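Visitor: I would like to learn how to read the helix packing and the ring pairs of a model.
Guide: Let us take the features in turn, each with its rule and then its case.

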Amino acid sequence: MADTLGDRRNQQGAASQSAVIDLNDVEEMPDRDDSSDYDSSFSDSDRGKKKGMGDDIRQRLGENVAAMMWQSGKQQASKAWNLYGNIDILRPYFNVEPREVRSRLMWSFIPQKPTSQRQRVSRELYGPLMVIFTMIALLLFQMKTADHRVEEGTLMGTAFGVCFTYWFGASAFIWFLSFVCNTRLSMLQIMSMLGYGLFGHCMVILLGTVIHTSHDHVFFYLLWAVIGGATTLKMVGIIVTRTSGQTQRIIVCAAVAALHLLFLLYLHFAYHQIVEDLSQAFGSGGVQAQMKEVPVAIKPGVGGLEKAVKAAI
């Protein structure tokens, strides 16, 4: 019994001694306020660093995207410049012999009977472009002969605008109708067909300007019906052989004929008028038969009138 009591006392003393030792060895814990301040300051600095890194990444990403877009646009622009600046691309459309152009000009007045086979249409622009330039020169000659006045611009600009606007505009309109009506003609073929067809307009403008009729337009209407009708029938024959449906043929052929013949009427009546003095000059054998306009001060009396008449002759 005494031994057991002694053992218990020793164990209680050791426990109390170890408890005292443990309490003394425990360090003081920091206040919660100080730890929260430290944590908040650390989190604020961390957030600031992350925000700065995010801004840098966005800035660099934006710069890289802008640089890539600039390089891509620059490459596309250089490719487009090289494409349109290379003359070899246009070489096939202007590589034609003069005898071929002469033959196509002559055949533009000869209509062909439509058959089951498609009529051939050239794919070159040299002949049509030369026809357009010729028509511009003849239109200028007609304007100057008729003493046509232009309020804004010049006669040269008016002639260029009228001829090229009709060529491009009519070609685009006929191409649209051909696409709708299933006519097998490309834009290049339509421009070539219309260009060679305008050679008849050049002939009518030349003859109608040089050979004047003093009283009516019978001579012009005769040229309009014969030459203009021949070139129109030539184009109509080409369209008939390249269009499948009957209604589609009528629509496209009517549009081509109306545009072609009405444009010739416009050129005649808009920039041409009957000049009797010029026709008399050609009929009498020269321009010297025309009266000269000499400014003379006419004095009152018979002598002044006689001097004015002599100066004018």
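What follows is a dialogue that goes from the overall make-up to individual residues.

Visitor: What kind of model is this, and how are its residues numbered?
Guide: This is a predicted model, in which local features need pLDDT of at least 70 and side-chain atom pairs count only at pLDDT 80 or more, while totals for chains, interfaces and linings use all residues. Residues are numbered from 1 along each chain as its sequence is written, and side-chain values use heavy atoms, with hydrogens and water left out.

Visitor: How many helices and strands are there in the protein?
Guide: Helices (H or I, at least four residues) and strands (E, at least two) are DSSP runs numbered from the N terminus. The protein has 12 helices and zero strands. Of its 313 residues, 29% are buried, where buried means under 20% relative accessible area, exposed over 50% and partly exposed in between, with a 1.4 Å probe and protein chains only. Contact means heavy atoms within 4.5 Å, and among contacts between residues at least 6 apart in sequence, 77% join residues at least 24 apart.

Visitor: At what angle do H5 and H6 pack?
Guide: Axes are lines fitted to C-alpha atoms, for helices over the stretch in contact, and angles run from 0 to 180 degrees between N-to-C directions. Angles under 35 degrees count as roughly parallel, over 145 as roughly antiparallel, 65 to 115 as roughly perpendicular and the rest as oblique. For H5 and H6 the angle is about 140 degrees, with the axes 9 Å apart, and the two helices are therefore oblique to each other. Handedness is a separate reading: a crossing is left-handed if the near helix is turned anticlockwise from the far one by less than a right angle, and right-handed if clockwise. The crossing of H5 and H6 is right-handed.

Visitor: Which residues of H5 and H6 meet?
Guide: Among them are Leu129, Ile132, Phe133 and Ile136 in H5, and Phe160, Cys163, Phe164 and Trp167 in H6. By class, this contact of H5 with H6 has 16 nonpolar, one polar and one charged residues, with Ala, Val, Leu, Ile, Met, Phe, Trp, Tyr, Cys and Pro counted as nonpolar, Asp, Glu, Lys and Arg as charged, and the others, Gly among them, as polar.

Visitor: How many aromatic pairs are there?
Guide: Rings of Phe, Tyr and Trp (its six-membered ring) pair if their centres lie within 6.5 Å, and planes under 30 degrees apart count as stacked, over 60 as edge-to-face and the rest as tilted. By this rule the count is 13 aromatic pairs. In one of them, the rings of Phe133 and Phe164 have centres 5.9 Å apart and planes at 65 degrees, so the pair is edge-to-face. This pair links distant parts of the chain, since Phe133 is in helix H5 (residues 126-145) and Phe164 in helix H6 (residues 155-180), 31 residues apart. Phe133 is partly exposed at 35% relative accessibility, whereas Phe164 is buried at 18%. Ring pairs also link Phe133, Phe160, Phe164, Trp167 and Phe168 into a cluster.

Visitor: How do H6 and H7 cross?
Guide: Their axes come within 9 Å and cross at roughly 130 degrees, which makes H6 oblique to H7. H6 passes H7 in a right-handed crossing. Residues that meet include Trp167, Phe168 and Trp175 in H6, and Met187, Ile190 and Met191 in H7. By class, the contact of H6 with H7 has 10 nonpolar, three polar and no charged residues.

Visitor: Where is Asn182 placed?
Guide: Asn182 is in the loop between H6 and helix H7 (187-197). Although Asn182 is not a glycine, it has a positive phi of about 60 degrees, and with a relative accessible area of 44% Asn182 is partly exposed.

Visitor: Is Leu125 buried or exposed?
Guide: Leu125, found in the loop between helix H4 (98-107) and H5, counts as buried at 14% relative accessibility. The C-alpha atoms of Leu125 and Ser192 are 5.9 Å apart, although these residues are 67 residues apart in sequence. Leaving aside neighbours within four places in sequence, Leu125 is in contact with Tyr93, Phe94, Trp167, Leu188 and Met191.
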